Amino acid sequence: MREDRSVKPSKRYARDAALLVTFREVFVDLINHAHAVEDVFSYAFVSNTDNATWQRKRRAVAAAAGAAGRAYADHGGSFTIRNAAYVLNDVSPLVNWEMSLKDPEQLHPETVIASLDAAIASATQMAREAAERERGVTGLIAAFLRWPSNLRDAVGPESSRAQRTAAGAIGIFGQVVAGTLATALGGALIAGVVKLWGLLT
């Protein structure tokens, strides 16, 4: 999946965590409005409320799953599900959330929730670590490198050809400036290390 370079990594990871939290909340709400029904060989979770409320909650879970799909793919894990009839590899608990209602023996709701908790924790930790990196010189250089992309996004595809051309030209200038700054800073750091080494030896 292509990474959105126009957004700071810390903000992107925080956004991923928020999308996953939203899915977790609506999924737990759906499960709280369900009850288990058993037959001879298996059981399933079915509505414990009126049909309109149940369908509204299902739509909320489906919408949240769609919004959080990429975030879970980046931060979550998958399962292999086996039974007498089939083997399913790389099963995403988020994408296959309905299986936890229809066939909870294969994918229990608690497994879905635990997987989401792990993905949320991963995204949150990555956001914290990225925020720390963005505070220093490296973060400043990264912001310069993102600037041309930010500019193109601000102009947008609906803008006139002249606006897009101007944004492209400014973007190229920004990349040249960023490259020059990165080279200068890198050279200064190397020179400083060499000088320090000379003083120590």
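Modeller: Before we start, a term: buried means under 20% relative accessible area, exposed over 50%, and partly exposed in between, with a 1.4 Å probe and protein chains only. By that rule Arg24 is partly exposed, at a relative accessible area of 27%.

Biologist: What kind of model is this, and how are residues numbered?

Modeller: This is a predicted model, where local features need pLDDT of at least 70, side-chain atom pairs count only at pLDDT 80 or more, and totals for chains, interfaces and linings use all residues. Residues are numbered from 1 along each chain as its sequence is written, and side-chain values use heavy atoms, with hydrogens and water left out.

Biologist: Back to Arg24. Which residue does Arg24 meet in a salt bridge?

Modeller: Asp117, at 2.5 Å from N to O. A salt bridge here is a side-chain nitrogen of Lys or Arg within 4 Å of a carboxyl oxygen of Asp or Glu. The pair links distant parts of the chain, with Asp117 in helix H4 and Arg24 in helix H1, 93 residues apart. Helices are DSSP runs of H or I with at least four residues, strands are E runs of at least two, and both are numbered from the N terminus.

Biologist: Is Asp117 buried or partly exposed?

Modeller: Asp117 is partly exposed, with a relative accessible area of 34%.

Biologist: How many salt bridges are there in the whole structure?

Modeller: The search finds 3. Another one joins Lys57 and Asp29, 2.6 Å from N to O. Lys57 lies in helix H2 and Asp29 in helix H1, so this pair ties together parts 28 residues apart in sequence. Lys57 is buried at 15%, whereas Asp29 is partly exposed at 28%.

Biologist: And what does Arg58 pair with?

Modeller: Glu98, with the closest N and O atoms 2.2 Å apart. Arg58 is in helix H2 and Glu98 is in the loop between strand E4 (87–91) and H3, so parts 40 residues apart in sequence are tied together. Glu98 counts as partly exposed, at 29% relative accessibility.

Biologist: Where does H2 bend?

Modeller: At Ala68, by about 55 degrees. The bend is the angle between axes fitted to the seven residues ending there and the seven starting there. Ala68 is also one of the buried residues of H2, and others include Trp54, Val61 and Tyr72.

Biologist: What do the buried residues of H2 pack against?

Modeller: Helix H1 (9–32), strands E1 (34–38) and E2 (43–47), and helices H3 (99–102) and H4 (109–134). Contact means heavy atoms within 4.5 Å.

Biologist: Switching to rings. How many aromatic pairs?

Modeller: The count comes to 2. Phe23 and Phe27 have ring centres 5.8 Å apart and planes at 15 degrees, so they are stacked. Rings of Phe, Tyr and Trp (its six-membered ring) pair if their centres lie within 6.5 Å; planes under 30 degrees apart are stacked, over 60 edge-to-face, and the rest tilted.

Biologist: Where do Phe23 and Phe27 sit?

Modeller: In helix H1, 4 residues apart, or about one helical turn. Phe23 is buried at 0%, and Phe27 is buried at 0%.

Biologist: What about Tyr43 and Phe45?

Modeller: They form an edge-to-face pair, 6.0 Å centre to centre with 75 degrees between the planes. Phe45 counts as buried, at 16%.
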